[in-house]
Amino acid sequence: MRLHFRFDHRRDGFHLQAAGEVPTAGITALFGPSGCGKSTLLRLIAGLERCNNGEVRMEQDIWQNEQTFLPPHHRPIGYVIQEGQLFPHLNVRDNLRYGWKRAGRSTEAAAGPDFDTVIALLGLTELLARRPEQLSGGQRQRVAIGRALLTRPRVLLLDEPLAALDREAKHAILPYLERLHRELALPVLYVSHDTDEVARIADRLLLMEAGRIQAAGELTGMLTHPDLPLARSEQAETVLEATISSHDTDYHLTRLRFAGGELSLATPAELATGEPVRIRILARDVSLALSPATDSSILNILPARVSEIRPLNPAQALVCLDLGGTPLLAHITHRSVDALGLAPGSPVYAQIKSVALLV
Ligand SMILES: Nc1ncnc2c1ncn2[C@@H]1O[C@H](COP(=O)(O)OP(=O)(O)OP(=O)(O)O)[C@@H](O)[C@H]1O
């Protein structure tokens with residue numbers, strides 16, 4: 001089941017003209033700068049804002065077209081915004097039950113996780129008797145997501161659900177979202193303008209700019225495409241899907257295997273051998289050398305080929321690398337590009353500090 005949408009919507013000088021689809025499972029991040037129309041698009045899909053020239057359907061089920069307009073409460077969606085809007089007079093259990101009861105009424109509700117599964121997935125057991133004012137911001141958002149899941153939605157729409165949280169709370173909640181992602185086959189459309197958040201949890205990106213979908217595709221390709229703004233931003237990063245291959249218990253180094261080679265990660269051994277793990281590498285943490293250094297502290301030295309070099313600003317260049325089919329980005333100075341004589345096709349060694357790898 002895919003969600004398809006198409007809108008041509010004008011409001012107070014803002015023109016949104018967007019078409020796309022959200023695949024059956026996994027997280028599709030709707031990413032773009034402030035004011036580009038991400039929340040508007042989500043509200044149009046939810047039916048919270050009305051557009052006279054639009055179409056939304058879940059495969060053959062029409063939610064909106066020229067003849068039809070299903071009101072939001074008749075659309076099988078779970079919708080969570082920045083401040084999760086829990087009922088202040090109900091405790092967590094009753095807030096969750098509200099979602100559960102709503103599912104019972106909806107004829108369109110899909111099969112989905114039951115009450116206990118949602119509580120376990122989101123770690124809510126200890127919180128059931130508390131009222132919203134007795135919860136932290138991150139806990140409130142977990143309950144709000146749980147309540148949305150219990151309505152048995154066929155798509156979950158999350159509008160910057162972590163934006164009101166500080167860095168620490170955000171880091172505490174992301175593993176729960178990663179777990180939902182792994183364990184539930186539910187399409188999620190996730191609005192964010194935080195590159196790091198998107199790189200951690202998204203499978204796919206819809207890139208928005210000034211009311212339009214600028215590009216859409218799989219996460220890795222979108223993050224590393226030199227024509228798209230993500231590869232050019234200060235926060236540019238590459239995502240690698242790797243597998244834990246071994247642990248060095250003396251030095252607490254974890255060995256990871258990915259399609260383009262092997263990496264050492266400096267972290268206490270928490271994951272079992274064979275576990276999949278997503279590694280993020282900031283472009284500014286990658287340096288380049290013409291030979292593999294043997295007298296350096298850098299543990300990760302990967303043979304690569306330069307595929308493209310683009311200027312980023314007067315001082316820096318974006319170097320796109322190919323690690324045997326896996327892309328990797330490096331941001332280095334023009335001075336170093338010239339000093340090493342780099343050009344498309346140059347063989348190089350990409351150097352990444354173990355402590356710079358992000359899990
Ligand atoms: N209720 C409203 N009435 C009129 N204009 C609005 C309203 N809400 C948003 N806008 C305008 O519509 C445009 C798109 O806003 P929208 O909130 O969809 O952007 P966004 O990409 O979600 O931004 P952000 O990342 O800052 O939340 C902006 O120009 C904004 O100023």
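Biologist: What makes strand S1 (residues 3–11) and strand S2 (residues 14–22) a pair?

Modeller: In this predicted model, nine bridges join S1 to S2, and the two strands run antiparallel. Pairing asks for at least two bridges, so S1 and S2 count as paired. One of the contacts sets Arg6 against Ala19, its bridge partner in S2.

Biologist: What do S1 and S2 form, and how many residues lie between them?

Modeller: S1 and S2 form a hairpin, with two residues between the strands. Asp12, in the turn, has a positive phi of about 45°. Asp12 is also among the residues that surround the ligand.

Biologist: Which other residues surround the ligand?

Modeller: Besides Asp12, the surrounding residues are Arg11, Phe14, Gly32, Ser34, Gly35, Cys36, Gly37, Lys38, Ser39, Thr40 and His193. By class, the shell has two nonpolar, seven polar and three charged residues. Helix H1 (residues 38–46) gives the largest share of the shell, three residues.

Biologist: Why is H1 called mostly covered?

Modeller: A residue is buried if 20 or more other C-beta atoms lie within 10 Å of its own. Seven of the nine residues of H1 are buried, so the helix is mostly covered. The buried ones are Lys38, Thr40, Leu41, Leu42, Leu44, Ile45 and Ala46.

Biologist: Which residue follows H1, and is its phi positive or negative?

Modeller: Gly47 follows H1, with a positive phi near 85°.

Biologist: In the open sheet of four strands, what makes S13 (261–266) and S14 (276–282) edge strands?

Modeller: The order of that sheet is S13-S12-S11-S14, with antiparallel pairing. S13 and S14 each have a single partner strand, so one side of each is left without a neighbour in the sheet. From one strand to the next, the twist averages 45°. Strand S12 (residues 253–258) is joined to S13 by six bridges, and Arg255 has Ser264 of S13 as its bridge partner.

Biologist: Which are the edge strands in the open sheet of five strands?

Modeller: The strand order there is S15-S19-S16-S17-S18, again with antiparallel pairing. Strand S15 (286–289) and strand S18 (326–333) are the edges, since each pairs on one side only. Neighbouring strands in this sheet are turned by 45° against each other on average, direction ignored.

Biologist: How do you know that S17 (residues 316–323) pairs with S18?

Modeller: Eight bridges join these antiparallel strands. The requirement is at least two, so S17 and S18 are a pair. Val319 has Ala330 of S18 as its bridge partner.

Biologist: Which residues does UniProt give to the domain "Mop", and how much of that stretch is strand?

Modeller: The unreviewed UniProt entry places the domain at residues 295–359. Over that stretch the chain is 52% strand and 11% helix. Its end C-alpha atoms are 27 Å apart.

Biologist: How do you know whether the radius of gyration of the protein chain agrees with that of a compact globule?

Modeller: For 359 residues, a compact globule would have a radius of gyration near 21 Å; the chain has 22 Å, so the two agree. The C-alpha atoms fill a box of roughly 65 × 50 × 35 Å along the principal axes. Of the 359 residues, 37% count as buried. The protein chain has nine helices and 19 strands.

Conventions. Residues numbered from 1 in each chain as written. Predicted model: local features only at pLDDT ≥ 70, side-chain atom pairs only at ≥ 80, totals over all residues. UniProt positions renumbered as here; feature names shortened; annotations may be inferred. Axes fitted to C-alpha atoms, helices over the stretch in contact; angles between N-to-C directions. Near = placed C-beta within 6 Å. Nonpolar A, V, L, I, M, F, W, Y, C, P; charged D, E, K, R; others polar. Buried ≥ 20, exposed ≤ 12 C-beta atoms within 10 Å, placed from the backbone. Rg over C-alpha atoms; globule rule 2.2 N^0.38 Å.
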